[in-house]
Amino acid sequence: MGKITLSDLRTRQAWPLNQKIDHTCYAVEAFVAYCKEHGRTPYVSFSGGLNSTVLLEIVRRFVDPNMPGVFCATGNEYPEIVRFVRHTENVTIIRPTMTPREVVARYGFPLVSKEQAQNIYEVRHVKGEKTRRRRLEGVANCRSSAIPKKWRYLIREPYEVSHKCCEHLKKGPMRKFYRDSNALVMLGTMAGESNLRTGQYLTRGTCNTFSDDPRKVYSAPLSIWTDTDCWDYIHRFNVPYCPIYDMPGITRTGCVFCGFGAHYGGGSRFRVLNNLHPKLYKMVMNYTNNGYTLRYALLRMGVQLPDEQPELFGNIG
């Protein structure tokens, strides 16, 4: 299936839950069949979060009760997530070769968004003037692809900003795992989670992308689901989930130190982290790059941290 429109996606996202379950099961069955044909082992990337919990449960309930899960312990998860994963059957735990502190020290802080962090990193490091100009001016008929003026100060900051955390802490270890184990992964990502994932789904037009080259295969069977669908499914089938979602203020888990989107919501994710795990909060605030802390970088963005007075820095020009 080729590229579809945003209207097509919205129509699919409005389907009733039963239709989405059928759609997801069909996608999983097609993926499993592809793996069998190509001598690969299918598995679910299991983060312990809402989406992957639902995906693993659907696969095991309707397709294969023995489907394995794989969890990458990055060292930046909520402790509740780690405990939940360890109590989930048939889940392999893998680890990256670098710690979060090491990745931040080498590559920089994850700030603003993955797209903008990559743009800022490339402006600072790529040698090609064409790429630099594209990041600063945008592409033809799409100036919105340029770094917004609000965030251009990050190009001049003494610390680095980077999109590379996910690559070194999650994607890289996962790729190594499925190379070493001859496996292929199903992801619990949803198209509605970000503009990037929406665009990727519109280009694919479907949950699965198959190829004669297994390295180019992609599967995200929950692509058209929403958070509401996931909770409806959990309540309908009484699915166990990580209890951290019962904590006020928790809607997403992920990496506890991540600065992507931290400027939205008045720094609520860090208030929650400080309330639940103050030692972990203080540790991640002291991650450094070029001698500057994550705390400093977040305050420069205008993020209101729970243990700081607001407006320590003036407006950034």
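Start with Phe-84: at 14% relative accessibility, Phe-84 counts as buried. Buried here means under 20% relative accessible area, exposed means over 50%, and partly exposed is in between, with a 1.4 Å probe and protein chains only. Phe-46 counts as buried too, at 2% relative accessibility.

Before going on, the ground rules. This is a predicted model: local features need pLDDT of at least 70, side-chain atom pairs count only at pLDDT 80 or more, and totals for chains, interfaces and linings use all residues. Residues are numbered from 1 along each chain as its sequence is written, and side-chain values use heavy atoms, with hydrogens and water left out.

Back to the rings. The structure holds 13 aromatic pairs. Rings of Phe, Tyr and Trp (its six-membered ring) pair if their centres lie within 6.5 Å; planes under 30 degrees apart are stacked, over 60 edge-to-face, the rest tilted.

A stacked example is Tyr-34 with Phe-210, at 5.1 Å centre to centre and 15° between the planes. Tyr-34 sits in helix 2, while Phe-210 is in the loop between strand 6 (208–209) and strand 7 (218–219), 176 residues apart. Helices (H or I, at least four residues) and strands (E, at least two) are DSSP runs, numbered from the N terminus. Tyr-34 is buried at 6% relative accessibility; Phe-210 is partly exposed at 38%.

Phe-46 and Phe-84 make a tilted pair, 6.1 Å centre to centre with 50° between the planes. Phe-46 is in the loop between strand 1 and helix 3, and Phe-84 is in helix 4 (residues 79–86), so this pair ties together parts 38 residues apart in sequence.

There is also a cluster: ring pairs link Phe-62, Trp-225, Tyr-233 and Phe-237.

Next, helix 10. Which residues of helix 10 (residues 227–237) are buried? Asp-229, Cys-230, Tyr-233 and Ile-234. Down the helix axis they fall within an arc of 135°, so they line one face of helix 10. That arc is taken over the directions from the helix axis to the C-beta atoms. On the other side, Thr-228 and His-235 are exposed. The cover over the buried residues includes helix 1 (6–13), helix 2 (17–37) and helix 3 (50–63). After helix 10 comes Asn-238, with a positive phi near 55°.

Four strands form an open sheet, order 3-2-1-5, with parallel pairing. Strands pair if DSSP finds at least two bridges between them. Strand 3 (91–94) and strand 5 (183–186) are at the edges with a single partner strand each, so one side of each has no neighbour in the sheet. On average, neighbouring strands of this sheet are turned by 35° against each other, direction ignored. Strand 1 (residues 41–45) and strand 2 (residues 69–72) run parallel, joined by two bridges. Ser-45 stands opposite Val-70 in strand 2.

Helix 8 (residues 165–181) packs on the sheet and touches strands 1, 2, 3 and 5, at about 140° to the direction of strand 2. Contact means heavy atoms within 4.5 Å. Axes are lines fitted to C-alpha atoms, for helices over the stretch in contact, and angles run from 0 to 180 degrees between N-to-C directions.

Last, the whole protein. The count is 13 helices and ten strands. Buried residues make up 48% of the 317 residues. The C-alpha trace spans about 55 × 45 × 40 Å along its principal axes.
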